[in-house]
Amino acid sequence: MIGVLLLLLLLPLLLFIAAPQIRKMLSNGVCTSTAQLPGKVAVVTGANTGRARVYIACRDVQKGELVAKEIQTMTGNQQVFVRKLDLADTKSIRAFAEGFLADEKHLHILINNAGVMMCPYSKTADGFEMHIGVNHLGHFLLTHLLLEKLKESAPSRVVNLSSLAHLLGRIHFRNLQGEKFYSAGLAYCHSKLANILFTKELARRLEGSGVSVYSVHPGTVHSELVRHSFFMRCMWRLFSFFIKTPQQGAQTSLHCALAEGLEILSGNHFSDCRVTWVSAQARNMTIARRLWDVSCDLLGIPMD
């Protein structure tokens, strides 16, 4: 009994001491690419929280400007630009794409990074449930609008941020907007499943185009993503020693955007810089094709 009590008393101290090693074990994926990016153009959504021309596309331009200045100071790359992009509003998405295409002749890397998590039930400016609207439909439309530029700039890449949470996801076509039943946690999971299905269908459609597509699980990362959930904020603080830093969380996205020889793996899902398993739902190409058609219909995009 005394031994058990001592163990319980010492457990927090042992966890504190072991935390760096545990965090290292949980974040062992590191992008080792040495690819140089002179003349390349990249767009990263939601980045307000090489030497390529990087466009930070985000809703909060003021925060984005602070991030841009930090990147410029750390890297010496002055070609970091901030543009307004609200993925909860298709007018904003179209305005961003129109402005970008007017300014740039090329696009080599598109990282669909932005997202929302566990929001109270709400809708986007176009009436879509917030999770499916921002995490899936917003990036679906943005990618569609920039796709011809990606093809013209090939070889090019699209990286879609998903999550291990996709394992609990389902695509309920009769309740896609959550109006019949809604769970904030499950709505997030459904949208992350949609990210993987979108990746697989987009990769299938782009075979032979020179544009490769990947979905990514970044890991559990310190970010503002959990701001809507008091429970998740508490869990993040409680286990903060084991959660990835933003730099660690970005490694797999960087790997998929930069690593040489990944073209043959287009359509795959990555975690810790290597291909990883996805759920049976995420491998269902019938659902992927139907989701594509439904997304086109909701966004007013011609089906082909």
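Analyst: A salt bridge is counted when a side-chain nitrogen of Lys or Arg lies within 4 Å of a carboxyl oxygen of Asp or Glu. The model is a predicted one, in which local features need pLDDT of at least 70 and side-chain atom pairs count only at pLDDT 80 or more, while totals for chains, interfaces and linings use all residues. Residues are numbered from 1 along each chain as its sequence is written, and side-chain values use heavy atoms, with hydrogens and water left out.

User: OK, how many salt bridges does that rule give?

Analyst: The count comes to eight salt bridges. One of them joins the side chains of E201 and R204, at 2.6 Å from N to O.

User: Where do E201 and R204 lie?

Analyst: Both lie in helix α5, three residues apart, which is about one turn of the helix. Helices here are DSSP runs of H or I with at least four residues, strands are runs of E with at least two, and both are numbered from the N terminus. An α-helix has 3.6 residues a turn, so residues three or four places apart point the same way.

User: What else does E201 form a salt bridge with?

Analyst: E201 also forms a salt bridge with R205, where the closest N and O atoms are 2.8 Å apart. E201 and R205 are four residues apart in helix α5, so about one helical turn separates them. Taken together, E201, R204 and R205 are linked in a network of salt bridges.

User: Is E201 buried or exposed?

Analyst: E201 has a relative accessible area of 0%, so it is buried; the term means under 20%, exposed means over 50%, and partly exposed is in between, using a 1.4 Å probe and protein chains only.

User: Which salt bridge involves K151?

Analyst: The side chain of K151 meets that of E148 in a salt bridge of 3.5 Å from N to O. Both residues lie in helix α4 (residues 130–152), three residues apart. K151 counts as partly exposed at 32% relative accessibility, and E148 is partly exposed as well, with a relative accessible area of 48%.

User: Changing topic: how many aromatic pairs are there?

Analyst: A search of the whole structure finds eight aromatic pairs. Rings of Phe, Tyr and Trp (its six-membered ring) pair if their centres lie within 6.5 Å, and planes under 30 degrees apart count as stacked, over 60 as edge-to-face and the rest as tilted. The ring centres of Y55 and F81 are 5.3 Å apart with planes at 40°, so this pair is tilted. Y55 lies in strand β2 (residues 53–58) and F81 in strand β3 (residues 80–84), so the pair ties together parts that are 26 residues apart in sequence. Y55 counts as buried at 2% relative accessibility, whereas F81 counts as partly exposed at 22%.

User: What does F198 pair with?

Analyst: F198 forms a tilted pair with W292, at 5.9 Å centre to centre and 35° between the planes. F198 lies in helix α5 (residues 184–205) and W292 in helix α9 (residues 285–299), so parts 94 residues apart in sequence are tied together. Both F198 and W292 are buried.

User: Last one, which peptide bond is cis, and where is its proline?

Analyst: A cis peptide bond joins A154 and P155, with omega of about 5°, and P155 is placed in the loop between α4 and β5. Two backbone angles also deserve a look. M118 has a positive phi of about 55° although it is not a glycine, and it is placed in the loop between β4 (109–112) and α4. C273, also a residue other than glycine, has a positive phi near 65° and lies in the loop between β7 (269–271) and β8 (274–275).
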